[in-house]
Amino acid sequence: MTIDSDRNPTTLRWAVRLLRAEAAALGLVAVWLVWADLTATTTDLPSALLVTAFALGGAVALWALGGALDRHRAGARAPAIVLQLMLLPVGWYMIQGDLDWLGVPLMALGLGVSALLVSPSTTRALGLS
């Protein structure tokens, strides 16, 4: 019996870690949004709740995709890549709004995690060829 040493490659482990870290960060943003919704003096309530729900949904999706990839579910790779590529326009508009210090790292994170997810060792570990 041989043990496949590449069953859980470093690229896949790091992709899962980064997806989970993104989920935690977005979860913190969602908690802040809930607090902001509750303490706002004036607000457009439907819009505020929609933005908060979007943040919560994104955090849940990132966490779930990280878990699915950790269990070697190949179908989770494409949605995870799509979410990572969504960081590119977000980062771009942050750069346009003079938030380079946040926009550039977000774009690099999206490209980096995407690269980890399409790397040959991750592809093999997910059973894709």
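Student: Where does Gln 84 lie?
Tutor: Gln 84 lies in helix H3; helices here are DSSP runs of H or I with at least four residues, strands are E runs of at least two, and both are numbered from the N terminus. A heads-up: this is a predicted model, where local features need pLDDT of at least 70, side-chain atom pairs count only at pLDDT 80 or more, and totals for chains, interfaces and linings use all residues. Residues are numbered from 1 along each chain as its sequence is written, and side-chain values use heavy atoms, with hydrogens and water left out.

Student: OK, is Gln 84 buried or exposed?
Tutor: Gln 84 is buried, with a relative accessible area of 0%. Buried means under 20% relative accessible area, exposed over 50%, and partly exposed in between, using a 1.4 Å probe and protein chains only.

Student: And what is Gln 84 in contact with?
Tutor: Leaving aside neighbours within four places in sequence, Gln 84 is in contact with Leu 19, Glu 22, Leu 62, Leu 109, Gly 110, Val 113 and Ser 114. Contact means heavy atoms within 4.5 Å.

Student: Switching topic: how do H2 and H3 pack?
Tutor: Their axes are 9 Å apart, at an angle of about 140 degrees. Axes are lines fitted to C-alpha atoms, for helices over the stretch in contact, and angles run from 0 to 180 degrees between N-to-C directions. H2 and H3 are therefore oblique to each other: under 35 degrees counts as roughly parallel, over 145 as roughly antiparallel, 65 to 115 as roughly perpendicular, and the rest as oblique.

Student: Which residues meet there?
Tutor: From H2, Ala 61, Leu 62, Leu 65 and Leu 69 meet Arg 77, Pro 79, Ala 80, Leu 83 and Gln 84 of H3.

Student: What about the largest nonpolar core, how many residues has it?
Tutor: That core has 17 residues, and Leu 12, Leu 19, Leu 69, Ala 76, Ala 80 and Leu 117 have the most contacts inside it. A nonpolar core is a set of buried Ala, Val, Leu, Ile, Met, Phe, Trp, Tyr and Cys residues joined through side-chain atoms within 4.5 Å.

Student: Which element gives the largest share?
Tutor: H1 does, with five residues.

Student: What does Ala 76 touch?
Tutor: Not counting residues up to four places away in sequence, Ala 76 touches Leu 65, Ala 68 and Leu 69.

Student: Last one: how many helices and strands are in the chain?
Tutor: Six helices and zero strands. Of the chain's 129 residues, 33% count as buried.
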